[in-house]
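Hi,

Here is the structure I promised to pass on. Have a look at it first, and my notes follow below.

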Amino acid sequence: MGREAFLRQHEQRPSARYFAAVDGLHIDSKPLLSVAYGYQYPDRGPLSVRYFSGGAEARRALSRFGYELVELPPESTSVVYGEVPDCPPGTAFEDRREAYEAGVHRTTQAGIAGQADGTQSICLSDGYSDDRIQGDLISYTGFGGRDANTGRHIADQQLVKGNLGLIENYKLGRPVRILVKESVLTSKKSDTEYIYLGLFTVTSWSWGIRDGWKILIYQLRAVSGESLAPEEVAAALVRGEDIPTQRRRSNINRIVRNYDVAASVKRLYDNSCQICSTRLVTAAGPYSEGAHIRPLGIPHNGPDTMENILCLCPNCHTLFDGHALTIQSDGTVVNLGEPFGTLMVDPEHRLNADHIAYQKKISTAKSHPAT
Ligand SMILES: [Zn+2]
């Protein structure tokens, strides 16, 4: 539910310095213990904070449950999106602790630093081999569902905490800080430093299947002028060169959208939505959007061609990219399992059935039943 909501619901005051490290999150230590006590002894209710003195009591109590108590400087506890002071893209850190203290990635364990209402940063490190880098794009797999020892997926990933937060970022266009372990870029185990790449935006998300379980896949793109392209940094490291720390534009492998193709599709339908028939007319003329059926870029690699583009109104486009709408093989459109309409297709518009099936697959991934 997030920190604010938790404190509000339980009428707790925020901790100033002492936090419990739980699943990579920092949770106000006394409120956590107080509320937990209330759950264990409903007849007594939450433990009053006057029973705690300083951090020592909380530390003892937390350690009995196997949690670590961490002391944070007061100014570090607020959630910061976007750039952090004195830390340009390309800044290298000895270890996770150093990156933590600089404010780049405010957790020393988890890959995602975020909550249900937003994610501040991601750290790519060795264990997560599903993550891929191409040009200024990163394909990132959400957290959860893995065996801690083998890294294999043993359960479905869930749309919760930082996984859900990344989708909030996607909706709002809010950037995420990316920290990457050098060895991920160079494939050399001996490279143990961490490099801050800068700010990335979440350009799409979808479901996928790994080892038979549902995973969440996010596509992140380097924000021009606010980040370094991961592939360029990797190339510099492999050549033994210094990483350029100055801000710069990167252009390699950027997806160049062919707006003419989308324009042709929109013209074919006179800007009417292929799903709901809505035709918006603005002061600047009719408005519609070209929606890619199979998303562009890694890991989906959909083509920028007419057979992969629909003409949609902004509402249907949002529902389609948000994996609420899917198109069945008979052309009916389903919205979160409920009938929604029928896709209108002009005889001149040859759609690729494989791309439509692909969009349906990444919108409604089904894992094998839990054993
Ligand atoms: Zn529509």
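Val-334 sits across from Pro-339 of strand S18. Before I go on, note that this is a predicted model, where local features need pLDDT of at least 70 and side-chain atom pairs count only at pLDDT 80 or more, while totals for chains, interfaces and linings use all residues. Residues are numbered from 1 along each chain as its sequence is written, and side-chain values use heavy atoms, with hydrogens and water left out.

Back to that pair of strands. S17 covers residues 332–335 and pairs with S18 in the antiparallel sense over four bridges. (Strands here are DSSP runs of E with at least two residues, helices are runs of H or I with at least four, and both are numbered from the N terminus; two strands pair if DSSP finds at least two bridges between them.) S17 and S18 belong to an open sheet of three strands, ordered S16-S17-S18, with antiparallel pairing. S16 (325–327) and S18 (338–342) are at the edges with a single partner strand each, so one side of each has no neighbour in the sheet. On average, neighbouring strands of this sheet are turned by 30° against each other, direction ignored. Helix H9 (residues 314–321) packs on the sheet and touches S16, S17 and S18, and its direction makes about 85° with that of S16. For these angles, axes are lines fitted to C-alpha atoms, for helices over the stretch in contact, and angles run from 0 to 180 degrees between N-to-C directions. Contact means heavy atoms within 4.5 Å.

In the loop between H9 and S16 you'll find His-323. This residue has a positive phi of about 60° although it is not a glycine. Is His-323 buried or exposed? His-323 is buried, at a relative accessible area of 8%. (Buried means under 20% relative accessible area, exposed over 50%, and partly exposed in between, with a 1.4 Å probe and protein chains only.)

Ser-277 also has a positive phi, near 70°, and is a residue other than glycine. Ser-277 is in the loop between helix H8 (259–268) and strand S12 (280–282), and is partly exposed with a relative accessible area of 41%.

Now over to Gln-219, in strand S11 (residues 213–227). Gln-219 is buried, with a relative accessible area of 4%. What does its side chain make a polar contact with? The partner is the side chain of Thr-203, at 2.7 Å. (A polar contact is a pair of N or O atoms within 3.5 Å; within protein, one must be able to donate a hydrogen and the other to accept it, and residues adjacent in sequence count only if both atoms are side-chain atoms.) A polar atom of the Gln-219 side chain also lies 3.4 Å from the backbone oxygen of Gly-297. Leaving aside neighbours within four places in sequence, Gln-219 is in contact with residues including Ile-138, Leu-296, Ile-298 and Pro-299.

Those last two are worth a click: the peptide bond from Ile-298 to Pro-299 is cis, with omega near 0°. Pro-299 is in the loop between strand S14 (289–292) and strand S15 (309–312).

For the chain as a whole, the secondary structure comes to ten helices and 18 strands. Of its 371 residues, 46% are buried. Among contacts between residues at least 6 apart in sequence, 60% join residues at least 24 apart.

Cheers
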